[in-house]
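Subject: Handover of a structure and the findings in it

Dear colleague,

Please find below the structure that I am handing over to you. The findings follow directly after it.

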Amino acid sequence: MRINLDGRIRNIALAPSNALAPLYEAVVNSIQSVQQRWGKSDEGEVLVKIIREATPQMSLDTGQSVLDPVSQFIIEDNGVGFDQGNYRSFETSDSVHKRNIGGKGVGRFLWLKAFDKVSIRSTFSGKPNNQLRVFDFQIPDGISNHECGPDTSTLIRTSVTLIGFKPQYQNQCPKTAETIASHIAAHCLEYFLLDSCPKVRVVDDSNNLNISVNDRVSSEIILDRHDEAFQIGSNSFKIMHLRLAQRSQIKHSIHYCAHMRAVTSEDLSKKIVDLSSRVQDNEGREFVYAGYVSGSFLDQHVNPERTRFSMSYGSEPDMFGEIDWTALTSASTALSALYLAPFTAPVAEAKINHIQRYIADEAPMYRHLLKWGTDELLKIPPDLPNDDLEIELCKIDQKVRADIKIKTKNISSKRVAVVDRPAIKAEIDELMEAVTDIGQSGLSRYVAYRKVIIDLLEKGLQINANGKYEDEDLIHSIIHPMRMTSDEIESTDYQNLWIIDERLSYHSFLASDMRFKQIGELNSESLNRPDLLILNNPLAFAEGSGPLSSVVIVEFKKAARNNFNEEENPISQVYGYVNEIRKGTKSDIKGRPLNVNLNTPFYCYIVADLTQTLRLQAANHGFRPTPDGLGYFHFNENYNSYTEIISFEKLLDNAKKRNRILFDRLGLR
C-alpha cells in the first residue's frame, strides 16, 4: 500500500493555537525511548534546545530588544535511538509498534504539519559497533538522504531537529523558554510524576537559559497531590488532584488523559462556581487546581492525533460498557469540587454574606429567597457587581415562583388516603408558608420598583451630559408608554400613572400620545394629540351606554421651557382638547354613542416647570397658586373642567412623600 504523504498531512487537524503539539510529540518520544533504555535509572535525559531567528528586533514602546521568534527545536535524548525496529516503525504509517504505551503511529506527521523539514541523527547500540543512522523527513518524499552504518562513537544519543517553523504556527508559539518549559510540564505532567521520568531540560543559548523542567514541576509547580479512583458503569478511572503553584497563564482545569498524556482540557472555574481565580491553601499559598483523569477506557478511545476522544453521547452506559462524555465530566467535576471544598467554602461564605447584606439594604423584595432559594443562591458566581447580582436574584425568584406553582398543582391533583393526610397537611403547610413569603416579597418588589421609577424620574429632570434638559418624551415614557392605548398594554406594570395621581391607574380607556383621529372611541378627524387621554365609565353603566363619569387629560412640557405665548401655551392647548372631545359625533369602542354631556367633568393636568412665561399665562387665565407655591389650579365653569398646573418639583416631591412610609419600612433610602 502506498501513502500520499502530502495528502496525509493535509488531513491532519492541528490548530495554530496548538503550535507546540509537534514539540510535545518529540519530547514524549524521547521520554519513552529513555524509559525503554534506562527504566527507573536516573541516567536518562532529554534536552530541548530552542533555536531562534537571527533577526534583532526592538520594541517600539520601550526601545528595548525583544525575543526573536522560534525557528527550530532540537530534541536530544540518550534513549535506545532509531534501531532497526524503531526505524521500521517510523517508516510505516500508523504503526502499531508502540501501541502498548499509547503510540498511534501518527505523531511524526504533526511535525510536518507545523514544520517544513525534520532532520534526525541517531547513534544506537549495535554489534560489534554502535550504529549511526541519519535521514531527513519532509514532503513529498517522506524519508530521504538515509544513511546507516558503523559509528566509532561510544555515546548513544539521538537528535530530532524540527526545521522551518511555518508562519501560522510560529506566530502562535510562546516566545520565552520559561513558558515553553511550563507548557511541556503541563502537557506531560503525568510523565514527570512517574519514578521512571528522565531529566528534561529546556535550553535557550541565545538567552543563556538552562531550565530543568523536573525541578520546576517538583519544587515550583506541585504543592499537593491526591489520587482517587472512581467507577462509571463497568469502567474504572482515576483522577489525580493537584494543587499547582499560582501562575498567570494557567487556569483551574481538568485534563482528560490517554497513555499518561493530556488530550483535552476543560476550564473548571466555569463549573465550580466558587472557584475564584485567586484561591489559597491553608498555608496562605495561592494555587491553581489541575485534575488529571485517566483510565483504560480513555486509552482505548483517543483519536490518532490525541486531540479528542471518540465517545458516546448517550445518557447512560450502553450494553458494551461505553459511557458518554457528559457522565465522565460530571463525575470528574464532582470529585474535583469535593477535593476543593475546604478552599472554596470561605469564598462561598463571603458570597452569601454579601448577598444577605445586599438583599437587606438594597433589595428586600428578594428576602424570601434566603429561605426558599438557598440552593440556587449558592450557584451565583462570587464578586458580582450589584447590577449583575440583581439579575441573578431575579432569575432565581422566577424559578422559585415556578416551583411553587408546580408543587401547588401536584398537591391539588393528588387523591389522598386517610393515612396520608398528615403528610399532605405538612406539605400544604409548607407550601402556604412559601406562598405567604412570596406574596410579601411581591409587595416589597412593587415598592422597590416605585423607588426605582422615582429615582429615574428625578434623574430625567436633571441637565444631561450635553448641558441640556431632556425632551418631555422622556418624562412621558416613564409615566406611560407612548403611542399606545390601554388595550395594547399587557400589564399595569408598564404604566406609572401613580406618579401624578394614584386614582389614574383605575380607568376604562387610556390613549397615550395618539391623535384624536386614531382613537376610535372619539370618532374624530382631528389631528390634535394630547399626551394622555383617559376615559372613565361609571360603574352603573358597565356596558358603556351611559355618560362618561370623567375625562382626564395630561399634558407634559419640557423641563425649564420658557417660551409660552398667548397663542401657544399648555392652558389653551388643554382647553382645545376639552372642546374637541365635547363637540361632534362620538361612539365607544363597540360603536355605541359615547355620551359626553355638559355634566361630564374634565380633569386636566399640566406638568411643567413654573417658568416666568407659564406663571404669566396662568395668571392671564385666572389660575390661582396652590398654598405651597409649587403649582396653580382653576375651575372653568364653561367646560366643567378642573385644571391643575403641577411643577416637576411638586410632582417629584409629592410622589416621594406618598411612598416614603413604604420606602422607610423596607429600608430603601
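In which helix is Val-27 found? Val-27 belongs to helix α2, which covers residues 21–38. Helices here are DSSP runs of H or I with at least four residues, strands are DSSP runs of E with at least two, and both are numbered from the N terminus. Val-27 has a relative accessible area of 0% and is therefore buried. The word buried stands for under 20% relative accessible area, exposed for over 50%, and partly exposed for what lies in between, with a 1.4 Å probe and protein chains only. Apart from neighbours within four places in sequence, Val-27 is in contact with Val-48, Ile-75 and Ile-184; contact means heavy atoms within 4.5 Å. From Val-27 to Asp-77 there are 50 residues in sequence, while their C-alpha atoms are 8.9 Å apart in space.

Please keep in mind that this is a predicted model, in which local features need pLDDT of at least 70 and side-chain atom pairs count only at pLDDT 80 or more, while totals for chains, interfaces and linings use all residues. Residues are numbered from 1 along each chain as its sequence is written, and side-chain values use heavy atoms, with hydrogens and water left out.

The chain as a whole

The chain contains 18 helices and 24 strands. Of its 669 residues, 48% are buried. When contacts between residues at least 6 apart in sequence are taken, 65% of them join residues at least 24 apart. The accessible surface of the chain is about 34600 Å², and carbon and sulfur atoms account for 50% of that surface. Such areas come from the Shrake-Rupley method with a 1.4 Å probe, and for residues only the protein chains shown count as cover.

Helix α10 (residues 325–361) has 37 residues, yet its end C-alpha atoms are only 44 Å apart, whereas a straight helix would reach 54 Å at 1.5 Å a residue. The expected span is 1.5 Å times one less than the number of residues. A kink of about 70 degrees is located at Ala-341 in α10, shortly before the proline Pro-342; the bend at a residue is the angle between axes fitted to the seven residues ending there and the seven starting there. At the start of α10, a side-chain oxygen of Asp-324 comes to within 3.0 Å of the backbone nitrogen of Thr-326.

Phe-309 is found in the loop between α9 (296–301) and α10. Is Phe-309 buried or exposed? Phe-309 is buried, because its relative accessible area is 8%. Leaving aside neighbours within four places in sequence, its contacts include Tyr-256, Leu-298 and Trp-325. Phe-309 and Leu-298 are 11 residues apart along the chain, and their C-alpha atoms are separated by 7.2 Å.

Helix α17

In helix α17 (residues 612–620), the residues Thr-613, Leu-614, Gln-617 and Ala-618 are buried. Seen down the axis of α17, these buried residues fall within an arc of 140 degrees, so they line one face of the helix. The arc is that of the directions from the helix axis to the C-beta atoms. Gln-612 and Ala-619, on the other side of α17, are exposed. The cover over the buried residues of α17 includes α16 (570–582), β23 (631–636) and β24 (641–646).

Gln-617 has a relative accessible area of 2%. Not counting residues up to four places away in sequence, Gln-617 touches Phe-564, Asn-565, Glu-566, Asn-569 and Ile-571. Thr-613 counts as buried at 19% relative accessibility. With neighbours within four places left aside, Thr-613 is in contact with Asn-562, Asn-563 and Phe-564. Gly-622, which follows α17, has a positive phi near 80 degrees.

Backbone details

Two peptide bonds deserve a mention. The bond from Lys-127 to Pro-128 is cis, with omega near 0 degrees, and Pro-128 lies in the loop between β5 (115–124) and β6 (131–138). The bond from Ile-139 to Pro-140 is also cis, with omega near 5 degrees, and Pro-140 lies in the loop between β6 and β7 (142–150).

Asn-640, in the loop between β23 and β24, is not a glycine but has a positive phi of about 55 degrees. Asn-640 counts as buried at 19% relative accessibility.

Yours sincerely

Conventions:
A polar contact is a pair of N or O atoms within 3.5 Å; within protein, one must be able to donate a hydrogen and the other to accept it, and residues adjacent in sequence count only if both atoms are side-chain atoms.
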